[in-house]
Amino acid sequence: YAFLMNSFDMAWPLVPMVKYAPEWASAIGKWMLNNANATRLFFPCNIDDAHQYAPEMKNLTKNNIGYEGLRWSDRYGTYSVNPIAEGDGPSWMKGMPTSTMFSLYSTSSIGIFGAIVSTTDIEGILRLDCNATDFYAERPYPTYLYYNPYNEAKEVTYTVKGDGKVDLFDLVDRKFLTKDVSGSCKIKVKANNSRVVVEVPAGTPINWEDDGRITADNHYLLAK
């Protein structure tokens with residue numbers, strides 16, 4: 001039973017986690033790519049009528065409200081297809097209307113994806129904002145996760161968030177990818193691998209602490 005709310009909500013802690021544990025960047029990047037791709041199937045206009053419980057009511061949602069979950073088999077015994085999009089509503093109380101298959105509380109978390117996920121010029125490679133849901137941490141430098149699912153290296157267009165010039169530091173390989181850039185530039189992401197790119201103001205020295213932490217201008221890049 002895959003839940004829409006869980007699909008959104010787990011991105012909240014896991015994406016910013018890679019700033020502190022970049023060794024997990026590829027695993028989280030791969031998960032987010034599959035997650036972002038699969039969650040479309042919770043929405044009634046993105047899944048065929050045969051694999052959803054209430055296709056006759058889907059226009060009421062304007063595709064803005066999703067089903068609560070995707071089950072391998074229909075818990076109510078009405079349909080024999082696999083999988084099927086449905087919800088728990090009618091199981092709560094006898095006589096609950098079919099419209100309760102759609103879930104306002106599950107869909108409300110979609111803003112998490114809206115804040116984190118952006119596309120790039122390479123289909124299948126996402127730009128994930130690692131600061132968007134890191135609410136209680138210092139966030140002085142923009143930080144993004146890029147995961148490459150292909151079996152060959154890809155060059156992705158990186159767009160600098162601010163107007164000034166920056167140096168791009170990768171937390172995965174612990175090195176600068178390029179320096180003194182503004183606007184946009186190309187970065188290479190290795191096959192089946194990831195980068196966690198931090199925008200550091202151009203010319204800022206990097207300090208390697210004895211405990212493995214990395215700082216720039218007294219701000220943590222890697223706060224292990």
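What is the volume of the largest pocket? The largest pocket has a volume of about 160 Å³. The model is predicted: local features need pLDDT of at least 70, side-chain atom pairs count only at pLDDT 80 or more, and totals for chains, interfaces and linings use all residues. Residues are numbered from 1 along each chain as its sequence is written, and side-chain values use heavy atoms, with hydrogens and water left out.

A pocket here is an open set of points on a 1 Å grid over the protein atoms alone, where a 1.4 Å probe fits and protein lies on both sides within 12 Å along at least five of seven lines. Its volume is the space filled by probe spheres set on the points, which are joined across faces, edges and corners. Lining residues have an atom within 4 Å of a point. The largest pocket is lined by 14 residues. Nearest its centre lie Lys19, Glu138, Pro140, Tyr220 and Leu221. Nine of the lining residues are nonpolar, two are polar and three are charged. In this division, Ala, Val, Leu, Ile, Met, Phe, Trp, Tyr, Cys and Pro are nonpolar, Asp, Glu, Lys and Arg are charged, and the others, Gly among them, are polar. Strand β14 (residues 219-222) gives the most to the lining, with three residues. Strands are DSSP runs of E of at least two residues, numbered from the N terminus.

Strand β14 also belongs to an open sheet of three strands. The order is β12-β13-β14, with antiparallel pairing. β12 (206-208) and β14 stand at the edges with a single partner strand each, so one side of each has no neighbour in the sheet. The twist averages 35 degrees from one strand to the next, with axes fitted as lines to C-alpha atoms and angles running from 0 to 180 degrees between N-to-C directions. Two strands pair if DSSP finds at least two bridges between them. Three bridges join β12 to β13 (residues 214-216). Ile206 has Ala216 of β13 as its bridge partner.

Strand β6 (residues 143-148) has six of its six residues buried, so it is largely enclosed by the rest of the structure. Buried means under 20% relative accessible area, exposed over 50%, and partly exposed in between (1.4 Å probe, protein chains only). Thr143, Leu145 and Tyr147 point one way from β6, whereas Tyr144, Tyr146 and Asn148 point the other way. β6 pairs with strand β5 (residues 126-129) in the antiparallel sense over three bridges. There, Asp129 stands opposite Tyr144. β6 also pairs with β11, again antiparallel, over six bridges. Asn193 in β11 is the bridge partner of Asn148.

Eleven salt bridges are found in the whole structure. A salt bridge is a side-chain nitrogen of Lys or Arg within 4 Å of a carboxyl oxygen of Asp or Glu. Arg195 and Asp170 meet in one of them, at 2.7 Å from N to O. Arg195 lies in strand β11 (residues 193-201) and Asp170 in strand β8 (residues 166-170), so the pair ties together parts that are 25 residues apart in sequence. Both Arg195 and Asp170 are buried. Arg195 also meets Asp173, at 3.1 Å. Asp173 lies in the loop between β8 and β9 (175-181), 22 residues from Arg195. Relative accessibility is 28% for Asp173, which counts as partly exposed, and 6% for Arg195. Salt bridges that share partners join Asp170, Asp173, Lys190 and Arg195 into one network.

Another salt bridge links Lys58 and Asp49, with the closest N and O atoms 2.8 Å apart. Lys58 is buried at 19% relative accessible area, while Asp49 is partly exposed at 39%.

Terms used:
Helices (H or I, at least four residues) and strands (E, at least two) are DSSP runs, numbered from the N terminus.
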